[in-house]
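This report is written for a reader meeting the structure for the first time. The sequence and the structure are shown here.

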Amino acid sequence: MTSVTFRHTSLRWPFPLDLPTLLASRTIRDIGRRGKYLLLHFDHGTVIIHLGMSGHLRILDSGIAPQKHDYFDLAVGSQLLRLSDPRRFGAVLWHAAEDGPVEQHILLAGLGMEPLEEVFSAQILYQKTRNRAAPIKQVLLAGDIVVGVGNIYASESLFRAGINPKIAAHRISLARYALLVDAIRITLAAAIENGGSTLRDFVGVNGQSGYFQQSYFVYGRTGFPCRNCGTLITQIKQRQRSTFYCKKCQK
DNA sequence: CACGACTCCTGCTGGC
DNA sequence: TGCCAGCAGGAGTCGT
């Protein structure tokens with residue numbers, strides 16, 4: 001029993017404007033996730049949602065008036081799943097079941113391993129980077145080997161692993177990749193534990209704010225002392241993205 | 001195939 | 001105090 005409302009024509013891509021018709025009185029059968037894509041499964045297809053960098057979903061009582069950046073509602077009974085996305089980097093897409101498994105969707109097919117699943121191992125990471133000459137930070141961000149490691153957690157994970165972000169991925173040893181795998185898992189688990197917040201305007205599913213986590217090791221700490229050795233944290237640009245690291249702790 | 005540059009969008013920050 | 005350029009971020013697309 002669902003109904004759909006759009007309040008804009010698009011976010012990153014045009015909204016599937018036939019979604020209200022497609023989902024009328026349909027039931028969500030299951031929910032899932034692949035990388036940073038959220039999946040709402042119906043019998044005849046899947047709604048794919050991405051929050052971009054500023055998006056958030058809330059569950060509200062239906063009847064609550066939408067605010068400025070509330071662009072998409074999925075009403076289920078007396079409640080509402082509402083997507084707000086000020087910077088509009090997010091997405092709402094539809095993948096019909098008749099087009100095959102949603103994992104084969106063009107945006108999902110090329111995604112790398114899930115970092116919190118067993119498949120993500122030092123051996124496979126090592127193997128998949130043998131032909132990658134780009135700096136490890138960029139390879140982590142690329143998403144085709146491992147997903148879920150964004151700009152902040154890439155810097156944080158490399159710090160934990162003691163790896164310099166500029167090192168070419170194919171020059172990193174298996175032993176050091178083992179450290180990196182552990183570092184990524186610990187970093188992501190800690191982030192989830194802390195509410196996963198990265199932006200100052202972060203809000204939880206009920207709309208509560210205040211989760212903002214500032215206990216980063218290196219991210220955003222340019223010129224401040226390394227929490228491990230006191231050396232001042234360095235900031236560089238890699239592929240137009242800021243990278244933070246400690247020159248002494250990360251070789 | 002691998003990889004770099006560019007792009008989307010808007011709120012916030014820093015400089016004047 | 002006000003204005004505006006620049007930055008930030010996820011990740012797809014295009015050119016090399």
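The structure is a predicted model.

## Strand pairing

Strand S6, residues 70-76, takes part in two of the pairings described here. With strand S1, residues 2-6, strand S6 pairs in the antiparallel sense over 5 bridges. Within this pairing, Thr5 stands opposite Asp73 of S6.

Strand S6 also pairs with strand S7, residues 79-84, again in the antiparallel sense, here over 6 bridges. Ala75 has Leu80, in S7, as its bridge partner. Strands S6 and S7 form a hairpin, with 2 residues between them. In the turn of this hairpin, Gly77 has a positive phi of about 60 degrees. As a general point, side chains in a regular strand alternate between the two faces of the sheet.

## Surroundings of DNA strand B

There are 12 residues around DNA strand B. Those that come nearest are Arg87, Arg88, Arg132, Ala133 and Ala134. By class, the surface near DNA strand B comprises 5 charged, 4 nonpolar and 3 polar residues.

## Surroundings of DNA strand C

DNA strand C is surrounded by 13 residues. The closest are Lys36, Arg87, Gly150, Asn151 and Ser242.

Helix H4 (151-161) supplies at least two residues of the surface near DNA strand C, as does strand S10 (241-245). This surface contains 6 polar, 4 nonpolar and 3 charged residues.

Key
Residues numbered from 1 in each chain as written. Chains lettered and ligands numbered in written order. Predicted model: local features only at pLDDT ≥ 70, side-chain atom pairs only at ≥ 80, totals over all residues. Near = placed C-beta within 6 Å. Nonpolar A, V, L, I, M, F, W, Y, C, P; charged D, E, K, R; others polar. Pairing = 2+ DSSP bridges. Helix = DSSP H or I, 4+ residues; strand = E, 2+ residues; numbered from the N terminus.
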